[in-house]
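Me: Kindly show me the model. I shall then ask about it part by part.
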Amino acid sequence: MRTRIKVCMVGAGRVGKLHSRTINQSMGEAEVVAIVDPVEDVRNETADDFGIDLRFATLEKALHGCDFDAVVITTPTFTHKELAVMAAQQGKHVFLEKPMALSLEECDAIIAETRGNHVHLQIGFMRRFDPDFVLAAQKIEAGEIGVPMMVKSLTHGPGLPPPWARDLRISNGMLAEVNSHDWDTIRWLMGSNYQRVYTEVANFKGSRHNVDTPNFYDNVLVNVRFESGGLGMISGICPCDYGYDARVEIVGDKGILQIGSLQGKSVVIGVDRDKGLVTPIFRTWPERFAWAYIEEMKGFVHTILTDTPVRVTGEDGRWAVAGVLAGTRSFLESRPVLLSEILAP
C-alpha cells in the first residue's frame, strides 16, 4: 500500500506557490517532486523556494521525464481540459483548481477521462474544507435553522484580475475567476441545484485602471432560484480595494446562520484619538482561507492513499461552470436564464 504521494505541480504562479508550500511544509504523506511552467524564471523561482529539483516547461515533458502519482493544476482556466485529460490518460490523479473549465463539454471530457482511467478528480473549492463553512454545513444538515429558504454569498477581491481572466473571449470573466466559490457554496449549503439566474453587472473602476476589455465589469449581482424553491444571491466586486471579503448568510424557516465577518483578526488597535479604534481585516485570500487550503490538500492525498471518494467532485465543478455560463448569458442578453437552456445537449 502506497504511503507517500509524489505530486507534480502544474503552474508555478501564486496558487502553485501556495499549494507547493502546503504540501512540502505542512504534510508528511506527500511531496512535490516536479514542477511545470512554461516561463523559466517563474518555474525556477518556485522550484528554488520549495526545493523542487525536477523542472519542466510542459506537462508532456514531465510525464516522460519523471515518476509521480498526481498532478495539481493551477494554470489559467483555458488550459485545464488539455492538461487534466493528458494527466488522466497517463494514470495520474488530478487536483484541478477552479474554475473547472470554460465549457460543459470540457468538464464532461475531464470527468470521462478520469473515470475511464480510474483516477481521482478533486476540484479546488477549498471552502468545503474551511472549519467555519464545514461547521455551518453540519448545522444546516442537522436542521438547526430548519429548511433553507435563502442563501447569500459574497466574494470581494482587493486587486484587479489579470487581463486574460477578465476577457470573455478567453475566459468566463469575474463570475468564474472570482465568484466560482460562491456558485459552489450556495448550491452546497442550499442542498439544491440552480434552476434560474438573473445577473446585473456594472463597471465603476475600469477606466481608472485603463481597462478597455469588451464587456468588462467589476461589480456583479446574481439572483438565483433553486430547484427546491429556495432563493440565492451572489455579490462580486473586484477590485474592491478595501481588502479580501468572503461572507455567507443562510436563512432557514427556523433561524439564520452567518459565516465570516469583516473583522479579520481578534485585535482592536487604538493609536490615534481622532481615528478611533482600528480593527484589521483580511488582506488576501490565502490569509482568510489558510487552513482550508491545507485541509483540502490533505483531503486529496487521503483520497489517493485510501482510494475513497473525494469531497468535491467533477460534478460539483461542472455545476459551478453551468451557473457561470447562465449568469454570463443573463447579463449579455439582459434577461433571466433557465439552467435548462445551458444544460440541454
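This is a predicted model: local features need pLDDT of at least 70, side-chain atom pairs count only at pLDDT 80 or more; totals for chains, interfaces and linings use all residues.

Me: Which residues of helix H4 are buried?
Reply: Buried means under 20% relative accessible area with a 1.4 Å probe and protein chains only, exposed means over 50%, and partly exposed lies in between. Helices (H or I, at least four residues) and strands (E, at least two) are DSSP runs numbered from the N terminus. On these terms, the buried residues of H4 are His80, Leu83, Ala84, Val85, Ala87 and Ala88.

Me: What covers the buried residues of H4?
Reply: Cover is judged by contact, that is, heavy atoms within 4.5 Å. The covering elements include strand S1 (5–10), helix H3 (59–65), strand S4 (70–73), strand S5 (93–96) and H5.

Me: Is H4 roughly parallel or roughly antiparallel to H5?
Reply: Axes are lines fitted to C-alpha atoms, for helices over the stretch in contact, and angles run from 0 to 180 degrees between N-to-C directions. Angles under 35 degrees count as roughly parallel, over 145 as roughly antiparallel, 65 to 115 as roughly perpendicular and the rest as oblique. H4 (residues 80–89) and H5 (residues 104–116) pack at about 10°, with axes 9 Å apart. That angle makes the two helices roughly parallel.

Me: How many residues of each class form the contact of H4 with H5?
Reply: H4 contributes His80, Lys81, Ala84, Val85, Ala88 and Gln89, while H5 contributes Glu106, Ala109, Ile110, Glu113 and Thr114. Ala, Val, Leu, Ile, Met, Phe, Trp, Tyr, Cys and Pro count as nonpolar, Asp, Glu, Lys and Arg as charged, and the others, Gly among them, as polar. By class, the contact has five nonpolar, three polar and three charged residues.

Me: With which residue does the side chain of His120 make a polar contact of 2.9 Å?
Reply: His120 lies in the loop between H5 and strand S6 (121–123) and counts as buried at 14% relative accessibility. A polar contact is a pair of N or O atoms within 3.5 Å; within protein, one must be able to donate a hydrogen and the other to accept it, and residues adjacent in sequence count only if both atoms are side-chain atoms. The side chain joined to that of His120 in this way belongs to Asp307.

Me: What is the distance of the polar contact between the side chains of Glu249 and Gln258?
Reply: Glu249 is found in strand S11 and is buried, with a relative accessible area of 19%. Leaving aside residues up to four places away in sequence, Glu249 touches Met150, Val151, Lys152, Ile256, Leu257 and Gln258. The side-chain polar contact with Gln258 is 2.9 Å.

Key:
Residues are numbered from 1 along each chain as its sequence is written. Side-chain values use heavy atoms; hydrogens and water are left out.
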